[in-house]
Amino acid sequence: MPMSVFFSGFPSFPNIEVLNRTIEGFIKIGVVGASKVAVEETYDCLKKGKFSVEKLDDALRKVCRGGAYWGTTAGAYVGMEYGMERIRGTRDWKNAMLGGAITGALISAAHGHGRDQVIANAITIGALATAAKLINNLDYESDDGDELDDWAEGRPHFPLVSFP
């Protein structure tokens with residue numbers, strides 16, 4: 001979905017779709033990461049009952065760092081997945097697998113992990129990205145087209161699994 005739907009007036013770069021998608025992924029997931037850290041820091045302050053300017057400054061620094069880390073990771077993944085789509089010429093789960101594996105390897109290598117850990121992280125992130133893509137693309141329609149009745153009766157339609 002284009003960024004302009006969510007943020008009217010947000011600048012987009014014409015004819016550079018990979019850059020647009022990467023920035024969109026960075027912003028969306030960066031906000032999620034920053035929110036996660038903000039909630040954790042708020043909980044920590046409430047639990048300890050300590051509020052100070054130094055604690056607030058430290059929390060703000062952690063929020064920015066968390067948002068930047070999550071955003072960078074998501075931006076790299078989105079860019080890699082779109083790049084795989086363009087290179088392969090198809091749009092399927094394999095793009096998520098390859099994009100996730102490359103992103104996992106890059107992030108792990110950037111953190112200075114050894115070769116075995118880089119490979120393990122590439123496999124893990126590739127598997128997670130593939131699972132997320134497959135779960136996201138499940139087809140819940142039934143043969144008769146009345147998916148609400150099927151859901152009410154507990155019979156969702158999965159393309160690879162048939163229910164009696």
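1. G104 lies in helix 4. Helices here are DSSP runs of H or I with at least four residues, strands are runs of E with at least two, and both are numbered from the N terminus. G104 is buried, at a relative accessible area of 6%. Buried means under 20% relative accessible area, exposed means over 50%, and partly exposed is in between, using a 1.4 Å probe and protein chains only. G104 and T124 are 20 residues apart along the chain, and their C-alpha atoms are separated by 7.6 Å.

2. A note on the basis. This is a predicted model, where local features need pLDDT of at least 70, side-chain atom pairs count only at pLDDT 80 or more, and totals for chains, interfaces and linings use all residues. Residues are numbered from 1 along each chain as its sequence is written, and side-chain values use heavy atoms, with hydrogens and water left out.

3. The overall fold. The protein chain has six helices and zero strands. Along the sequence the pattern reads α-α-α-α-α-α. The chain has 164 residues, of which 26% count as buried.

4. Helix 2 against helix 3. Helix 2 covers residues 17–48, and its axis lies 6 Å from that of helix 3, at an angle of about 150°. Helix 2 is therefore roughly antiparallel to helix 3. The contact of helix 2 with helix 3 has 14 nonpolar, ten polar and eight charged residues. Axes are lines fitted to C-alpha atoms, for helices over the stretch in contact, and angles run from 0 to 180 degrees between N-to-C directions. Angles under 35 degrees count as roughly parallel, over 145 as roughly antiparallel, 65 to 115 as roughly perpendicular, and the rest as oblique. Helix 2 passes helix 3 in a right-handed crossing. A crossing is right-handed if the near helix is turned clockwise from the far one by less than a right angle, and left-handed if anticlockwise.

5. Two residues of helix 2. G25 is found in helix 2 and counts as buried, at 9% relative accessibility. G25 and V78 are 53 residues apart in sequence but 6.3 Å apart in space, C-alpha to C-alpha. K36 is also in helix 2. K36 is partly exposed, with a relative accessible area of 35%. From K36 to G67 the C-alpha distance is 8.6 Å, across 31 residues of sequence.

6. Helix 3 against helix 4. These two pack at an angle of about 135°, with axes 8 Å apart. Helix 3 is therefore oblique to helix 4. Helix 3 passes helix 4 in a right-handed crossing.

7. The second largest pocket. Its volume is about 590 Å³. A pocket is an open set of points on a 1 Å grid over the protein atoms alone, where a 1.4 Å probe fits, with protein on both sides within 12 Å along at least five of seven lines; lining residues have an atom within 4 Å of a point. Grid points are joined across faces, edges and corners, and the volume is the space filled by probe spheres set on the points.

8. The lining of that pocket. It is formed by 21 residues, with T73, A74, Y77, I125 and A129 nearest the centre. Helix 3 (53–88), helix 4 (93–110) and helix 5 (115–136) each supply at least two lining residues. By class, the lining has eleven nonpolar, eight polar and two charged residues. Ala, Val, Leu, Ile, Met, Phe, Trp, Tyr, Cys and Pro count as nonpolar, Asp, Glu, Lys and Arg as charged, and the others, Gly among them, as polar.
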